[in-house]
Amino acid sequence: MRLLNSLFFSLLLISAFSLNAQKYCTYNVSGVVKSSEDGSTLPLATLEFVINEKSAITDVEGKFEIKELCQSNIQIRIRYVGFETLIKDYTLKTGNNELEILLDPSSQSLDEVTIEGEKAEEIASLQLSKIGAEEINKAPAKSLGEVLSEFTGVNVLQTGPTIAKPVIHGLHSNRILILNNGIRQEGQQWGQEHAPEIDPFVANNLELIKGAAAVKYGADAIGGVILVNPDDLPSEAGISGKASLIGASNNGLYSGSGLLEGGFKGIDGLGWRVQGTYKRAGDAKAADYRLTNTGMKELNYSVGLGYHKADGGAELFYSSFSAEYGILRSAHIGNLTDLENAIGSDRPLFIEDFSYDINNPYQDVKHQLLKANAHKTVDGLGEFNVQYGFQHNNRKEFDVRRGGRSETPSLSLDLYTHTVELDLNFTAGEYWRGDAGFSFMYQNNENNPETGIRPLIPDFENWTGGAHGIMRYVRDKYELEAGVRYDMKHYLVKRFDQNNQLQKPEFDFNNVTGSIGGLFYLQNSWMFRTNVGTAWRAPHVNELYSEGLHHGAAAIEEGNDQLVSEKAVKWINTLSKQTTKWRMEFTAYYNLINDYIYLRPEDVALTIRGAFPVLRYQQTDASFIGFDTDFEYQVANPSTISAKLSYIRAEDLNTNAPLINIPASQAQLGYEHKFASEKLVEPFVRLDVIGVARQWNDPRVVTIAEIREADQNDEDLFATDGSIFDIMEVPDGYVNFNISAGFGIPTKNGNPIDVFLSVENALNNSYRNYLNRFRYYADDVGRNVSLRINYSF
């Protein structure tokens with residue numbers, strides 16, 4: 001009831017603000033869409049204003065008009081049957097702006113910016129969501145997982161305040177593919193506390209596909225695909241850049257990021273870029289106390305060089321990510337009695353004064369990526385793309401160890417990954433488009449002997465290969481598509497048994513996946529997308545052979561070498577509409593996963609390194625059903641209200657019981673008002689109210705005390721009930737208020753200095769998020785005030 005009252009009050013507050021909104025949006029856009037081949041106009045072309053979420057359709061003369069936009073920087077996606085989709089950025093001036101947009105026939109090559117946009121459109125029957133450069137530039141110094149949580153239907157699985165990984169429709173880790181600048185991200189992502197090793201500052205935009213996109217992107221895409229896209233390299237002479245400075249109050253965070261790029265005089269098409277980020281934070285603070293040992297620091301950089309012309313090009317890219325993350329000290333308990341007392345305690349067992357020091361336990365993670373890419377258009381055939389990627393991921397985890405060994409890591413892994421991809425985009429006749437490709441990956445994962453203990457997971461080699469084909473039939477009122485893919489995976493595992501004898505078990509997994517779907521342009525600008533896709537995921541080596549304490553998870557994990565592949569079928573439907581005043585998107589889905597792999601709590605154990613829950617990998621059949629909805633309405637030209645809602649229900653079909661760690665229902669209401677000013681550039685203020693319900697579909701609770709008592713009495717608590725359980729009741733729901741504001745300060749060279757201020761958890765609530773894995777020991781972060789300053793030149 002308290003949650004409903006808070007949301008109702010917020011809705012009234014937003015409505016009251018909206019009644020006082022005035023007209024200050026002064027950017028008008030009109031123009032014509034033509035063929036680049038012969039200059040003929042293109043009637044009934046669709047224009048989508050990506051950032052402003054508006055749309056238009058050209059008239060019989062190929063002309064269009066959109067009035068009273070509120071932002072000077074816009075991005076337009078233009079679609080027309082028989083022509084390549086074009087995505088282009090424009091900077092508007094106050095008043096009227098005339099544009100002439102040229103589209104290339106589908107038989108011709110695309111310029112570089114169009115290549116990136118068209119790749120996402122290859123799965124037309126799955127809705128593509130996007131966070132553009134404008135939204136990214138406003139964000140505080142958040143991790144990639146936290147930035148991605150702005151997407152409806154995406155939650156964050158946290159390990160304290162510093163480690164966050166995305167959860168799409170209840171799925172995370174190896175069930176989500178992340179493409180970092182076109183390269184499949186391959187780190188030690190199997191752990192629930194292993195965050196993506198990607199600097200959000202490298203991205204110009206983030207794109208999300210929520211469906212089972214395995215046909216296009218390969219095995220493991222059961223939950224969805226995330227595309228981290230840098231901006232296109234410059235193609236003309238000159239130097240430009242941007243810089244950002246960020247500070248935050250809660251954990252004393254300070255961060256700086258800079259980018260410099262340019263082209264070469266006399267060599268059109270050749271461009272370069274260098275970028276770097278430094279970030280440092282100390283112990284975070286809950287509403288009433290410090291979260292000891294939750295500091296972090298990052299040092300990241302990237303360089304790029306590319307040459308692109310109309311008929312082809314090539315590009316080199318290198319990035320380095322280096323980070324240290326403190327792990328909440330209170331999650332590592334010395335004995336069973338303290339563990340029992342710590343679970344559900346109002347306050348952590350360890351509370352110390354603020355510090356930037358990162359002590360044990362902590363993670364030290366480094367990730368390097370090298371990409372080489374080339375594309376070439378062949379007349380009469382299509383565009384070929386070839387890409388090679390190399391990644392080196394080094395992960396060290398440091399525990400609280402006795403005997404002066406705290407500086408020796410408890411886990412030290414090196415993962416080397418090589419990927420090769422070949423792809424062909426082609427047209428076949430007037431209405432057919434196709435995409436075919438082949439991919440290969442080789443991995444070698446090595447434990448470093450410096451740990452001095454039996455490794456949590458063994459060394460292994462992984463060979464993976466796949467081939468796919470997709471065909472699309474494109475007409476004015478609809479698009480139909482179907483695809484098929486075959487993947488195989490081979491593991492060679494190298495481990496020592498309990499008798500210290502070397503074993504080399506081998507595993508082979510393979511599967512065929514497919515998808516079929518359609519995109520339908522309905523009356524009155526409504527669009528409907530439907531897609532049924534299959535996906536699969538082979539068990540990871542950690543699920544097969546984990547053996548020991550996983551310090552970052554603060555739990556003992558045991559593998560299961562009898563696991564088989566997960567196999568999923570996901571049906572997802574999206575209904576959407578955009579007008580000049582409002583937009584709406586509603587997505588409903590059902591995901592059935594056979595042989596779903598999960599970590600099941602089974603016991604507690606006292607070791608020489610402390611007391612920890614014991615978890616074992618098991619399998620069951622599971623279903624995920626839910627919906628997401630987004631709504632935005634321009635109540636008056638400078639003011640907008642928005643609403644988001646997500647719901648998911650997940651079940652263990654074998655026991656008819658809930659699954660664990662499934663996101664609770666969440667609603668968000670927002671109000672944004674833009675002001676007219678002669679001295680400032682586009683000033684605005686925004687209020688967001690986020691309500692998270694209690695997870696009512698929660699598993700049964702078996703406490704640490706009950707497990708200990710059963711062990712002492714030699715009883716089996718799970719002999720008659722094998723359903724998933726938790727060791728503590730789920731936390732209550734909560735409502736948080738976030739406030740943000742921003743403006744630009746004009747400068748003589750025409751590029752403003754942008755200033756953004758945000759206040760998260762403005763009321764300094766004490767709460768615990770169900771998806772924070774340290775909710776057992778401490779509250780979530782309290783009030784946090786952030787300041788960000790950007791300058792481009």
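Mentor: Happy to! Let's begin with Asp199, which sits in the loop between β12 (183-184) and β13 (205-209). Keep in mind that this is a predicted model. Asp199 is buried, yet it has no salt bridge. The nearest side chain of opposite charge belongs to Lys279, and it is 5.5 Å away, whereas a salt bridge needs a nitrogen-to-oxygen distance within 4 Å.

What does the side chain of Asp199 have as polar partners? One of its polar atoms lies 3.1 Å from the backbone nitrogen of Phe201. The side chain of Asp199 also makes a polar contact, at 3.2 Å, with the side chain of Gln275. Gln275 turns up again among the residues that Asp199 touches beyond four places in sequence, along with Thr277, Asn300 and Phe321.

Now for charged residues that do pair. Side chains of opposite charge can pair when their charged atoms come close. The count for this model comes to 34 salt bridges. One of them joins the side chains of Glu760 and Lys142, with 3.2 Å from N to O. Glu760 belongs to strand β43 (residues 753-760) and Lys142 to the loop between α3 (133-138) and α4 (144-148), so this pair ties together parts that lie 618 residues apart in sequence. Glu760 itself is partly exposed, its relative accessible area being 23%.

Another salt bridge, at 3.4 Å from N to O, brings together the side chains of Lys376 and Asp311. This pair also links distant parts of the chain: Lys376 is in strand β22 (residues 362-378), and Asp311 is in the loop between β20 (296-309) and β21 (312-326), 65 residues apart. Both partners are partly exposed: Lys376 has a relative accessible area of 43%, and Asp311 has 41%.

Let's turn to the nonpolar side of things. In soluble globular proteins, nonpolar side chains tend to be buried together. The largest nonpolar core here has 36 residues, and the members that touch the most others are Leu291, Leu339, Ile343 and Tyr777. Two or more residues of this core come from each of β15 (238-248), β21, α6 (336-342) and α8 (704-712). If you centre the view on Leu291 and set aside its neighbours within four places in sequence, its contacts include Pro161, Leu328, Ala778 and Val781.

Is Val755 buried or exposed? With a relative accessibility of 14%, Val755 counts as buried. Its contacts beyond four places in sequence are Ala741, Gly742, Phe743, Ile745, Leu787 and Arg788. As for Arg788, its C-alpha is 5.9 Å from that of Val755, while the two residues are 33 apart in sequence.

Terms used
Residues numbered from 1 in each chain as written. Predicted model: local features only at pLDDT ≥ 70, side-chain atom pairs only at ≥ 80, totals over all residues. Heavy atoms only, no water. Helix = DSSP H or I, 4+ residues; strand = E, 2+ residues; numbered from the N terminus. Buried < 20%, exposed > 50% of the residue type's maximum accessible area, 1.4 Å probe, protein only. Lys, Arg positive; Asp, Glu negative; His and termini not counted. Polar contact = N/O pair within 3.5 Å; in protein donor to acceptor, adjacent residues only side chain to side chain. Contact = heavy atoms within 4.5 Å. Core = buried A, V, L, I, M, F, W, Y, C linked by side-chain atoms within 4.5 Å.
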